[in-house]
Amino acid sequence: MSEYTNPSAELRARVALEKYRFHKSHSLGQNFLLSEDMIGRLLDAAALKPTDNVLEIGPGAGVMTCLMARRAARVLALELDRGLEPVLTEVLQGRDNARVVFQDAMKADLKALTSEAFGGAPYRVVANLPYYITADILLKLTGAECPPESVTIMVQKEAAERIMSEPGDKQWCALAAELRWYGEAEVLTEVGPEAFDPPPHVTSCFIRLNRYQEPPVRPADPKLYRRLIRAAFAMRRKTLSNNLKAAFGVDQARVLSVLEAAGLDAKVRGEQLTLTELCRVCDALSENCG
Ligand code: SAM
């Protein structure tokens with residue numbers, strides 16, 4: 001069959017974007033990936049299996065969505081911009097296992113959407129998403145009641161460096177500590193600006209977080225652990241004790257007994273702590289100040 005009777009997803013997307021005079025929005029981070037070769041390589045790296053259920057955030061013109069629907073069992077895509085509806089309808093024509101829901105992924109009820117789409121079966125996230133929501137969406141996905149088995153996404157190179165950082169590194173931050181609790185991170189490949197339409201001003205990395213079967217630490221109160229991580233990194237040059245006082249409204253004597261119970265020096269700074277030490281502080285905090 002020629003490309004005229006069976007055009008590629010890339011060609012369909014390019015034609016539909018022209019036909020509907022779609023204007024890409026900078027504020028929605030609309031830097032599209034249209035090249036099937038490039039997307040094919042990214043999906044090879046993501047190692048999707050025919051039995052996988054995939055949640056995509058921000059399908060854009062839908063070329064990646066279409067190629068994922070060819071490789072995986074089902075694809076559910078959340079797109080904020082309704083203006084992409086006619087483009088996505090044309091590009092995804094005939095792909096009955098791909099469904100687009102027009103919603104803000106940050107406000108979406110992921111549990112309801114994924115259980116409806118995948119019948120409660122495990123799912124993975126694969127996406128080239130807008131960079132302005134990278135940290136928030138990662139925290140939402142990995143902290144969800146029914147978290148994905150893995151999260152494979154495009155991020156700015158600087159974000160990848162932060163996510164890959166270790167305790168003691170300059171970039172070690174609350175985001176890295178929270179993600180390290182969810183799973184192991186790896187950079188699959190670096191992607192230059194020229195791969196995108198329009199090209200962004202930054203280099204990107206396609207990264208994967210694989211969820212641990214057994215988390216590295218098990219704090220008694222997981223919600224408190226999340227609050228503690230954010231508090232520990234809130235003001236980087238302050239000691240952990242000052243950050244704890246500010247975040248939890250406890251007095252100096254209490255904080256010192258928490259640190260002592262956790263086996264830590266009174267002058268320690270939050271960003272110096274490993275996950276195990278943070279967990280010890282969390283458990284001491286819930287016992288002393290609960
Ligand atoms: N995945 C497509 C691709 O690779 O060509 C599009 C990528 S583009 C970087 C990001 C997409 O996310 C855009 O289509 C944009 O409209 C959409 N988007 C932006 N904010 C969103 C949000 N809060 N929820 C869902 N989609 C969003």
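I began with strands E1 (residues 53-57) and E2 (residues 74-79), which pair in the parallel sense over 5 bridges; strands here are DSSP runs of E with at least two residues, numbered from the N terminus, and two of them pair if DSSP finds at least two bridges between them. Within this pair I found Asn53 opposite Arg74 in E2.

Before going on I noted that this is a predicted model, in which local features need pLDDT of at least 70 and side-chain atom pairs count only at pLDDT 80 or more, while totals for chains, interfaces and linings use all residues. Residues are numbered from 1 along each chain as its sequence is written, and side-chain values use heavy atoms, with hydrogens and water left out.

I then traced the whole sheet, which is open, has 7 strands in the order E3-E2-E1-E4-E5-E7-E6, and shows mixed pairing. Strands E3 (98-102) and E6 (183-191) stand at its edges with a single partner strand each, so one side of each is left without a neighbour in the sheet.

Next I looked up the ligand, and counted 22 residues around it, the closest being Leu33, Gly58, Glu79, Asn128 and Tyr132 (a residue counts if one of its heavy atoms lies within 4 Å). For polar contacts, taken as pairs of N or O atoms within 3.5 Å, I recorded a polar side-chain atom of Gln30 at 2.8 Å from a ligand oxygen atom. A ligand nitrogen atom lies 3.3 Å from a polar backbone atom of Leu80, and a nitrogen atom of the ligand is 2.8 Å from an N or O atom in the side chain of Tyr132.

Terms used. Helix = DSSP H or I, 4+ residues; strand = E, 2+ residues; numbered from the N terminus. Polar contact = N/O pair within 3.5 Å; in protein donor to acceptor, adjacent residues only side chain to side chain.
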